[in-house]
Every structure is written in C-alpha cells, then in structure tokens.
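Here's a quick briefing to read alongside the model. Have the viewer open, and we'll go topic by topic.

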Amino acid sequence: MPRTFRPPRRARRVLGRVLVVVLALAGLSAGLLGFAWTTAAVDTADDVDFTRPLPIPPLADSTVDDDGRRVFDLRLQSGRTDFGRGGPAADTWGINGDYLGPTLRAERGEQVAVQVTNDVGETTTLHWHGMHLPAVMDGGPQQTVGPGETWEPTWRIDQPAATLWYHPHLHGETAPHVYRGLAGLFLLDDPGNTPSSLPNQYGVDDLPVIVQDKAFTDDGQLDDEAPIFSPTGFLGDTIVVNGTVGPYAEVTSERVRLRLLNGSNARIYNFGLVGSDGEERGMHLVGTDGGLLSAPAAIDRVMLSPGERAEVVVSMTPGETMTLCSFPADLGADFWNERFSGGDDTVDVLELRAADDLDPSPQLPDRLAPAPDLRANDAMVTRSFRLGGTNINGRDMDMNRIDEVVRVGDTEVWEARNAGGTPHNFHVHGVQFQVIDVDGDPPPPQLSGWKDTVYVAPDSTVRLIMRFDAYPDPDNPFMFHCHLLRHEDQGMMGQFLVVERGHDVQPGDALDNHGDHQ
Ligand code: C2O
Ligand code: CU
C-alpha cells in the first residue's frame with residue numbers, strides 16, 4: 001500500500017506557522033473590513049438637535065446700469081464660519097460673506113451682468129449651472145479668474161422660471177473649492193408664465209434649502225478626506241443646510257415651498273418627510289432642475305444626486321412639526337458600492353415647525369407650466385456617452401480637445417450609459433434636457449420636467465433629448481461631465497462646441513487650431 005505523502009516534520013512546522021500568519025492576516029483584514037463596513041453607514045435619524053434657525057442666504061443687491069443691464073457684484077473671499085456645532089470656527093470661503101453666497105434673482109428677458117472678483121488668493125472660476133447662455137459667459141474651466149482679477153460675464157435670461165445655482169469649475173479643483181463654501185442659488189422668474197398661487201415669498205413661504213455634508217477635524221476645521229473604500233469621493237457625517245448644522249424653519253403659512261439643492265460633493269440624498277408621530281408624510285413636487293413641472297406630482301421621496309434641484313410644496317397643519325430626512329437611496333449598485341457610496345445612510349436634514357396660527361395658502365394649481373415638448377423623432381443626431389472608471393468614452397478630460405461638435409438648431413438624443421459598478425450622474429452645460437427613458441422605461445415624475453443633471457445608476461442607460469437653439473461659437477466649448485465632484489476633477493468630463501451649420505470643426509480637433517474662424 002502506498003503511504004500517503006506527509007511532508008517532513010520541519011516543513012510541517014513552517015507550513016503551520018505560515019498558516020497561522022495567513023489566518024491572522026485574514027482575520028485582521030476581515031476585522032478591518034467589518035469595521036469599515038459598520039462605520040461606513042451614517043445614521044443621524046433622531047440624533048440631530050434642531051436648535052438653530054435656518055439662515056436664509058440674502059438676495060443679492062443689484063443695480064440697473066445705463067444699458068439697462070441688471071448688474072450684480074460678487075466677491076469670492078476667505079472667512080471663518082461657525083457652523084453651529086460648538087467649538088472653534090472653521091476656515092471657509094464664501095461670496096460676499098464667509099460661507100456660500102447670496103441668492104441672485106432675475107427675470108426672463110433681462111440682460112444681467114455679474115462682476116466676479118476673486119479674492120481667495122487662488123485661481124478659480126464661477127459657473128452658472130443650468131443657465132442657457134453663450135459658452136464664453138458660462139464660467140466653465142476655460143474662463144479662469146486669477147487672484148485679484150475681476151471677470152464680468154453678461155447674458156440675457158432666456159429660459160423658464162427655475163432654481164439654478166452657481167459654483168466654481170476650475171479643472172481639477174472643483175471639489176475643494178465647492179467644499180470650502182463657494183456656491184449659491186440663482187433664481188429665475190418668469191412672471192407671465194408662473195401661477196401666482198405657488199408660494200413665492202422668498203425666505204417666508206419659499207425657502208432655499210442648500211444641503212451639504214461635512215466632516216470636521218478635532219480642531220474644528222473642514223475635513224475633506226474621503227472615507228476609505230468610497231468609490232464616489234467625500235462623504236461627511238454632518239449635514240449642513242445653508243451653512244448651518246441642526247436647522248429649523250418656522251412655517252407661518254399652510255403651504256411652504258422648499259427649493260432643494262444638492263450642493264454636496266458626492267452624497268446622494270433621498271429626501272422625504274417624517275411627522276412628529278414618526279409617520280411619513282407626502283409632498284408635492286412642482287419643479288425640477290430647469291423649471292416647473294406641467295402639473296404638481298404627489299410624491300413621498302425625491303432623490304437628488306450632486307448638482308440636482310427639486311422644488312417641493314409641503315402642506316402643514318397648525319402647530320405640527322415635520323423633519324426633512326434623507327433615507328437610504330436605491331442607487332442601483334451592488335451591496336458594496338451601495339454601502340460605500342452612502343446609499344445605506346439615513347440623515348436628518350431640517351425641521352419644519354408650523355406656527356399655531358397659519359396664514360391661509362391658495363390651493364396648488366392644476367397646471368404649472370407647459371410640458372417639455374421635445375420628441376425623439378425630431379432628433380437628427382444621437383450621441384453615446386459611456387461613463388466608466390473616471391472617464392467618458394474612454395477619454396479623460398483634455399481642455400485642448402473638442403470631443404463633440406453640435407450644429408446650432410439641432411435636436412439631439414444623448415445616451416448616457418453607466419458601464420461600471422460605481423454611481424455617476426451626467427450634467428450638460430448650456431441647455432436643459434428632457435429624459436426620454438431610463439433603461440427603456442418612461443421617466444418617473446421627478447425626471448419628467450426640464451433637467452440639466454441626471455443620476456445614471458450602475459449598468460443602466462438614460463436617454464436624453466435636447467435642443468441647441470442658440471449661441472454658436474467655434475472657439476468656446478461647453479462641458480458635459482459627471483457631477484460627483486471627485487470624478488469630475490479626475491477627468492470625467494468632455495467638451496462640446498455648438499457651431500453654425502457648415503463649420504468644419506471636427507470632434508478630436510484641438511481647441512486652439514481647428515478650422516476656419518468666422
Ligand atoms: Cu454644476 Cu459643470 O457644473
Ligand atoms: Cu461619477
């Protein structure tokens with residue numbers, strides 16, 4: 001009978017030791033992994049004390065100059081901010097203040113001009129997110145403003161009433177510049193086309209709600225280090241609204257409109273309301289990124305990825321309290337990416353406190369605005385954008401390369417496909433688009449209106465339709481990109497030109513030496 005092989009004794013001892021070490025290492029990494037897994041989920045539900053009144057960013061002053069232009073002054077500056085968590089104030093950046101900026105407001109048809117002065121001591125830019133305007137006024141990575149410089153873009157407001165916003169867009173530095181505090185709202189009004197029965201008194205029954213997540217170092221400074229394993233970038237454990245921790249808003253009328261902006265670097269919120277009895281409450285969605293919906297939609301939740309906005313109307317009864325929360329979101333990722341992208345997190349955001357006597361509010365109107373009317377059949381061009389790794393269509397952002405060339409006047413279908421396992425979203429400058437479908441299904445209410453940023457779940461395809469109806473310029477590109485700011489900074493961005501028909505610039509051309517200039 002052949003003997004079963006047994007290694008010599010010494011070898012057995014060595015093997016045994018190796019095995020012990022391997023098991024110990026495996027145990028250690030399993031332990032670390034378990035620790036990372038458990039600590040990855042943030043849950044602040046019922047943990048937040050709402051003790052600070054919600055600050056309302058002031059409406060920016062403006063003057064009308066001799067040319068009839070509405071002129072705003074914005075100064076980017078450094079400062080110190082007490083977010084309200086106790087302890088020392090943090091070093092921050094702000095616009096005309098220490099943190100965030102004033103709310104700009106203008107009417108459709110007005111010519112606006114903004115004097116942007118950069119006093120933060122570093123080059124940056126200021127981009128008008130969601131605005132339909134000439135590319136050279138857009139404030140993207142091409143329109144840098146050096147330290148001490150003033151940049152003065154001007155354009156005519158030419159789009160429906162909407163909640164837009166502004167923030168820096170310096171290539172490679174957008175995440176830190178926004179995180180330090182450079183951002184603000186830009187509200188557009190369209191009085192002839194907006195039902196007056198929507199709550200519309202800024203700061204009274206029409207509240208700006210800029211939601212951001214932060215982390216703090218032991219000495220009270222902003223900490224922007226991304227958690228271990230986060231595939232999307234920075235995720236903080238402290239929520240601030242309009243720059244304040246634990247905010248409450250006093251509601252004095254039966255209905256209040258919240259203009260929600262996800263101004264965070266990477267966190268994706270799934271907003272909903274909870275009453276003081278612990279029961280969930282519904283709300284009405286009235287607007288998305290680029291304007292009002294055609295009709296109010298009753299919803300329980302609204303998910304916003306970074307850069308997206310939603311306008312909701314909340315109805316309250318006298319004396320009641322409700323909390324705006326963010327619930328675990330279905331990011332459509334595997335359990336690993338879901339967890340480490342914050343998809344399992346629950347956070348309290350803002351408390352709404354209704355007064356004992358509420359001013360009556362009109363009923364919500366049945367019709368809000370004309371429905372978006374772009375039809376897939378009208379599209380002459382279809383383009384595909386594959387979001388993978390941290391690039392688009394396999395190419396990293398190159399500020400000197402033109403990736404797409406659009407003919408002015410064309411209606412186009414853009415297909416954004418997330419080919420990887422990581423959450424992404426997709427934002428296009430210079431236009432508002434309509435969502436045709438998501439993996440072939442018609443869009444839900446929150447994707448049924450005008451949009452400029454849309455979530456694209458892992459392994460899914462979102463088809464968009466948009467019309468490039470103005471502002472041809474062969475020299476100045478617009479951007480398209482993932483608005484998860486670390487991905488954007490890592491190069492998940494491309495550039496497109498809008499040109500006159502017949503202009504001979506081609507995709508792949510270098511920006512500085514393409515075709516005939518007119
Ligand atoms: Cu809000 Cu290209 O950005
Ligand atoms: Cu991304």
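Lining the largest pocket are 23 residues, with Arg108, Gln159, Pro160, Gln432 and Trp450 lying nearest its centre. A pocket here is an open set of points on a 1 Å grid over the protein atoms alone, where a 1.4 Å probe fits, with protein on both sides within 12 Å along at least five of seven lines; lining residues have an atom within 4 Å of a point. Before you go further: this is a predicted model, so local features need pLDDT of at least 70 and side-chain atom pairs count only at pLDDT 80 or more, while totals for chains, interfaces and linings use all residues. Residues are numbered from 1 along each chain as its sequence is written, chains are lettered from A and ligands numbered from 1 in the order in which they are written, and side-chain values use heavy atoms, with hydrogens and water left out.

**More on the pocket**

- The largest pocket has a volume of about 550 Å³, where volume is the space filled by probe spheres set on the grid points, which are joined across faces, edges and corners.
- Sorted by class, its lining holds ten nonpolar, seven polar and six charged residues. Nonpolar covers Ala, Val, Leu, Ile, Met, Phe, Trp, Tyr, Cys and Pro, charged covers Asp, Glu, Lys and Arg, and the others, Gly among them, are polar.

**A greasy bit of surface**

- Val21, Leu25, Leu28 and Leu32 make a nonpolar surface patch of about 420 Å². Patch residues have over 30% relative accessible area and no salt bridge, with nonpolar side chains (Val, Leu, Ile, Met, Phe, Trp, Tyr) joined within 5 Å and like charges within 9 Å; areas come from the Shrake-Rupley method with a 1.4 Å probe, and for residues only the protein chains shown count as cover.
- Leucine 25 sits in helix H1 (residues 9–40); helices (H or I, at least four residues) and strands (E, at least two) are DSSP runs numbered from the N terminus.
- Leucine 25 is exposed at 53% relative accessible area, on a scale where buried is under 20%, exposed is over 50% and partly exposed is in between (1.4 Å probe, protein chains only).

**Salt bridges**

- The count comes to 30 salt bridges, each being a side-chain nitrogen of Lys or Arg within 4 Å of a carboxyl oxygen of Asp or Glu.
- Aspartate 91 and arginine 80 pair up at 2.6 Å, N to O. Aspartate 91 is in strand E4 (residues 90–95) and arginine 80 in strand E3 (residues 70–81), so the bridge ties together parts eleven residues apart in sequence.
- Both partners are partly exposed: aspartate 91 has 42% relative accessible area, and arginine 80 has 46%.
- Aspartate 410 and arginine 501 meet at 2.5 Å, N to O. Aspartate 410 is in the loop between strand E27 (404–407) and strand E28 (411–418), and arginine 501 is in the segment after strand E34 (493–499), so this pair links parts 91 residues apart in sequence.
- Aspartate 410 is buried at 4%, whereas arginine 501 is exposed at 54%.
- Asp289, Glu308, Arg309, Lys451 and Asp452 are joined in a network of salt bridges.

**Distances to check**

- Proline 362, in the loop between strand E24 (347–359) and strand E25 (381–388), is partly exposed at 44%. Its C-alpha is 39 Å from that of aspartate 439, 77 residues apart along the chain.
- Arginine 52 lies in strand E1 (residues 52–53), and its C-alpha is 25 Å from that of alanine 41, eleven residues apart along the chain.
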